[in-house]
Amino acid sequence: MNIHEYQAKQLFTEYGIPVPAGQPAWNAEGAKQQAQTLGGESWMVKAQVHAGGRGKAGGVQRAQTLDQVIDITHDLIGSQLVTHQTGARGQPIHCVLIENTTAIKSELYLSLVVDRAAERIAVIASRAGGMDIEQVAATTPEKIISRTIDPLVGIAAYQCGEIGFALDLDANQRKQLTTILFGLYRLFVDKDLSLLEINPLIITDQGHLLALDAKINLDDNALYRHKDLATLYDPTQEDEKEYKAREFDLNYVALDGDIACMVNGAGLAMATMDVIKMQGGEPANFLDVGGGTTADKVTQAFKIILSDPKVKAILVNIFGGIVRCDLIAEGVINAIKETGTQLPVVVRLEGTHVEKGKALLKESGLSVIAADDLSEAAQKIVKVGE
């Protein structure tokens, strides 16, 4: 789960990580009041969306007067911000963060991520921080510094020192960095994060380190331990279909193709999409209905699939282990009848009660296309979807 920058910075403050003074606002008048409360001669107005690249897309602007704070906020709130991470539709802006401006001497990059290969948390840093960090990683990877953390020991002072020297920090700044890294590591572990990023971590004109931005991803599987953080979830920042799927415990990710997939099991879903691509088709989604799905969940999955206007055909690929193929067949039949869809549907069933499931589909009178294996199913769905 992602959270907004202002929410991430509230967590930073709790863990002693320095951030600029700032407050969120949900309308232009509120933004003006926050700017007045903060004081100063200029302010940054920052669109709060779950996407990077806001600065280049006009989502981060400097206001020299209170009237400019009002005007910028008025233009941003209610609009869609399109960045290189959002796609063509963009993300809706419902909130802005008002901050005091800060004099920047230089920009650094700092993040903590889960290194699954090493089975440890890794610190990643670079002297070349800022909006083009992706380009730095692609063209000059030697500028990226990485250290993994022993989970039994935690982050060590010598590692902080190594990173500080690699970032060319002076003695005072290395001390500040050590405090920041210790705070970030505690935050990462305490809150079960999957990613924590500061881009940029700046050096001010007075030589202080300051987290100018903040990005936090939480591990969904651990949210049951953090009820307070779960309330920070913002459904408006997700695809509506993905949000609807979450309500029914379905794993759905919207894609750009036109062949919808409904599969049980994440691995099988990935394989299904691969085979569709091999046959010349383009998947419209990733949809895992889970190992213990029911006929009702299948019906809901169909409705979510059909809410995508790009979809031209639907492939159902079920391997019945825990789930029974006859229950899947009942769900498919109910879904087609309830939605009245005229789209072609190819169904491949294998496993528990497979013959009973195939019989139900055959006796339904619906024009469902049967397939005996995945390759055949992919060939048929691509052909009927042309």
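Q: Which domains is the chain divided into?
A: This is a predicted model, and the chain is split into domain 1 (1-19 + 103-238), domain 2 (21-101) and domain 3 (240-385).

Q: What distance separates the centres of domain 1 and domain 3?
A: Taken over C-alpha atoms, the centres of domain 1 and domain 3 are 40 Å apart. Four residues from domain 1 and four residues from domain 3 make up the contact.

Q: OK, and how much area do domain 1 and domain 3 bury between them?
A: About 410 Å², with 44% of that on carbon and sulfur atoms.

Q: How many salt bridges cross the interface of domain 1 and domain 3?
A: The rule finds one across that interface. As for Glu238, it forms a salt bridge with Arg246, and their closest N and O atoms are 2.7 Å apart. By class, the side of domain 1 touching domain 3 has two nonpolar, no polar and two charged residues.

Q: And how many residue pairs are in polar contact across the interface of domain 1 and domain 3?
A: Two, both at pLDDT 80 or more.

Q: Switching topic: where is Lys241?
A: Lys241 is in helix H8, residues 240-247.

Q: Buried or exposed, and why?
A: Lys241 counts as buried because its relative accessibility is 15%, and the cut-off for buried is under 20%.

Q: What does Lys241 touch, not counting residues up to four places away in sequence?
A: On that count, Lys241 touches Tyr252, Ala254, Ile304, Ser307 and Asp308.

Methods
Residues are numbered from 1 along each chain as its sequence is written. This is a predicted model: local features need pLDDT of at least 70, side-chain atom pairs count only at pLDDT 80 or more; totals for chains, interfaces and linings use all residues. Side-chain values use heavy atoms; hydrogens and water are left out. Helices (H or I, at least four residues) and strands (E, at least two) are DSSP runs, numbered from the N terminus. Buried means under 20% relative accessible area, exposed over 50%, partly exposed in between (1.4 Å probe, protein chains only). Contact means heavy atoms within 4.5 Å. Domain bounds come from an automatic or database domain assignment. Buried area is the accessible area (1.4 Å probe) that two parts lose on being put together, summed over both. A salt bridge is a side-chain nitrogen of Lys or Arg within 4 Å of a carboxyl oxygen of Asp or Glu. A polar contact is a pair of N or O atoms within 3.5 Å; within protein, one must be able to donate a hydrogen and the other to accept it, and residues adjacent in sequence count only if both atoms are side-chain atoms. Ala, Val, Leu, Ile, Met, Phe, Trp, Tyr, Cys and Pro count as nonpolar, Asp, Glu, Lys and Arg as charged, and the others, Gly among them, as polar.
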